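Please view the structure below before reading on.

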Amino acid sequence: MFAVLFAAAALIPLGYVMLAAFDMGWAQFAELVFRPRVGELLTNTVLLVLLGVPFTVILGVGGAWLVERTDLPARRVFAVLLVVPLTIPAFVASYGWASAIPSIHGLGGGLLVATLAYYPLVYLPALATLRGLDPALEESARSLGMNGWRVFIRVVLPQLRLAMLGGGLVVALHLLAEYGAFAFLRFETFTTAIVVAYQATFAGPNAAALGVVLAGLCFVVLVIEAAARGRLRYARVGSGTPHPASRVALGRATPFVVAALVVLVGAAAAVPLTNVARWLFATDASDWQPLLGATWQTVILSVAGALAAIVVALPIAWISARYPGRTARALEGTYYVASSLPAIIVALALVTFTLRVIPVMYQTVATVVAAYVLIFLPRALVSVRAGIAQIPENLEEVARSLGVSPLVAKGRVTMPLLVPSLAAGAALVALGAANELTATLLLAPTGTRTVATGFWAAASAIDYAAAAPYALTLVLLSIPAVVLMFAQVKARRSG
C-alpha cells in the first residue's frame with residue numbers, strides 16, 4: 001500500500017508535464033516537438049547518454065577490478081583516490097575546467113566533465129560486488145586453463161552485471177537531468193533548453209513539450225535496463241571461501257596502468273580542486289561571511305531528504321527484489337521516470353500542486369524535502385534493492401521456523417544485514433541534496449540560502465573568486481558521505 005501511494009506521489013511531476021502538453025493540443029505540441037531545434041537537442045542528449053554511460057562503466061568497473069583483483073602498486077591508495085571525484089559536484093568540476101580552459105565546450109567538454117564526475121557511481125558498487133564474490137569460482141576457472149583476462153571476462157564480469165546496470169542507470173538519469181555542469185560548458189541538452197524556456201516563460205508550452213520528450217527518453221532507458229537485468233538472483237548462502245582472491249599480475253603493463261590511473265585521478269580531481277584553490281587566493285573576507293548560515297541550512301535539508309528517501313525507497317525495493325514482476329517494475333519505473341525530469345520541472349510541478357491542493361505547504365521545508373526525494377530516490381533505491389537481493393530469503397525462513405512472526409523475522413534478521421546498504425543509499429541522497437540547485441531556488445522558504453545556491457549566484461555572474469569558498473564548502477560537505485560509502489564498501493567481504 002505504501003509503495004503504491006509513494007509511486008502515485010512520484011508521478012506528480014510527470015502528470016504536470018503531461019497535463020501541460022495536453023492543454024496545448026496536438027497541433028501546437030507537434031509544432032513544438034517536430035522542428036530542427038528539437039532534433040539538435042535530441043542528438044546532443046542521446047549522444048551524451050550513449051557515449052557517457054559506457055565510458056563511466058568502463059572506468060568504474062576497470063578501476064574496481066584493478067585495485068581489487070590485480071597486483072597494482074599502491075592499490076590501496078588508488079582505491080581511495082578513485083572515489084575522490086565523488087566529493088566534487090559536477091557543476092563544481094565544470095567550474096574548475098571552465099576556469100582552467102575557457103574554450104572547453106560542446107559535446108566533448110560535456111562528456112569529459114560528466115564521465116569524470118560520475119564514474120564513481122559505477123566504481124563503488126562494482127568494488128563492493130568484487131569484494132563479495134567467492135574467489136573459488138575464479139580459481140576453478142584458472143584450474144581449467146583460463147588466464148587472468150579470460151577469467152575476468154567469463155567469470156567476474158557476468159557477476160558484476162547488477163552493479164553495472166544499477167550504476168549505469170543512475171549515471172544515465174543524471175546525464176538526462178544535469179543542468180549546471182552543461183550550462184557552464186555551453187553544451188545544450190533537453191534539460192538546459194527546458195531551464196532556459198522556463199526562465200523565459202515560467203511554465204510555457206515549449207518547456208512542457210521538451211519535458212515530454214525527455215520523459216520519453218527516460219522510459220527508453222528504463223526499458224533497456226529492465227530487459228538487461230532480467231530475473232537472475234545474486235544472493236548466496238555463506239561467505240564462500242575465507243581466503244583472499246588471487247591477484248592477476250600486470251607484468252609489463254604495470255607502468256602504463258599506473259600512469260593511466262594517475263591521469264584519470266588528476267583530470268577528475270586535481271584539475272577542479274587546483275582551480276578552486278587558485279581562486280581562493282583571490283577572495284576577501286566578505287566572500288566567506290555568508291557561508292556559516294548557508295552550510296547549516298544545507299546540512300538540515302540534505303539530512304532530512306536522505307532520511308525521507310530511505311523511508312520511501314524501502315517498500316518498493318523490497319517488492320522489486322523479493323517479488324519481481326510487472327507490477328514491481330511498473331512501481332519502480334515511476335520513481336525513475338520522476339527522477340529523470342530536470343529538477344526545475346519537479347520544482348514547478350510541486351509549486352503548482354501545493355498552490356492548488358495544499359497551499360499551506362507552499363515554500364516550506366517539507367516541499368523542499370519532497371523535491372529531494374523525487375530527484376534523488378534512484379540513488380537510495382539502487383543501493384537498497386541490491387542489498388536486499390543479496391540477503392538470502394531462507395534466513396528469514398529459519399527464523400520463522402523458530403516461532404517468530406514474519407515481521408519480527410525481518411526486523412531481527414534482514415534489517416541488521418541491510419544497514420550498510422541503507423547507510424550507503426542515505427549517504428548518496430544526502431550528497432545529491434547538498435549539491436542540488438534549481439529545485440532549492442524555487443521551493444525553499446524565503447531567506448533560505450544553501451551552499452549550492454550561493455555558489456551558483458556567484459559563478460553564474462562570472463565572479464569565480466566569490467564562488468570559490470562555496471565550491472570548497474561543497475567539497476568538504478561531500479566528504480563525510482563519500483567516506484561512509486567507501487567504508488561500507490571496504491567492510492564488505494561477503495555477500
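In this predicted model, the largest nonpolar core has 174 residues. Those with the most contacts inside this core are Val92, Tyr95, Tyr123, Leu175, Phe455 and Met485. Helix α20, which spans residues 365-389, supplies the largest share of the core, 14 residues. For Met485, the contacts beyond four places away in sequence are Leu86, Leu124, Ala424, Ala427, Leu428 and Leu431.

Val365 also belongs to helix α20. Is Val365 buried or partly exposed? Its relative accessible area is 41%, so Val365 is partly exposed; the range for that label lies between 20% and 50%. Leaving aside residues up to four places away in sequence, Val365 touches Leu301 and Pro445. Gly305 lies 60 residues from Val365 along the chain, and the C-alpha atoms of the two are separated by 9.9 Å.

Thr115 is part of helix α7, residues 106-118. With a relative accessible area of 7%, Thr115 is buried, because buried means under 20%. The side chain of Thr115 reaches back to the backbone oxygen of Leu111, at 2.7 Å. Beyond four places away in sequence, Thr115 touches Gly52, Phe55, Thr56 and Leu59.

Leu47 has 34% relative accessibility and counts as partly exposed.

| Residue | Relative accessible area | Class |
|---|---|---|
| Thr115 | 7% | buried |
| Leu47 | 34% | partly exposed |
| Val365 | 41% | partly exposed |
| Ala74 | 46% | partly exposed |

The last topic is the backbone. Most residues other than glycine have a negative phi. Which value does phi take in Ala74? Ala74 has a positive phi of about 55°, although it is not a glycine. Ala74 is placed in the loop between α4 and α5, where α5 covers residues 75-81. Arg186 is not a glycine either, and its phi is positive, near 55°. The place of Arg186 is the loop between α12, residues 180-184, and α13, residues 190-201.

Note on methods
Residues numbered from 1 in each chain as written. Predicted model: local features only at pLDDT ≥ 70, side-chain atom pairs only at ≥ 80, totals over all residues. Heavy atoms only, no water. Helix = DSSP H or I, 4+ residues; strand = E, 2+ residues; numbered from the N terminus. Buried < 20%, exposed > 50% of the residue type's maximum accessible area, 1.4 Å probe, protein only. Polar contact = N/O pair within 3.5 Å; in protein donor to acceptor, adjacent residues only side chain to side chain. Contact = heavy atoms within 4.5 Å. Core = buried A, V, L, I, M, F, W, Y, C linked by side-chain atoms within 4.5 Å.
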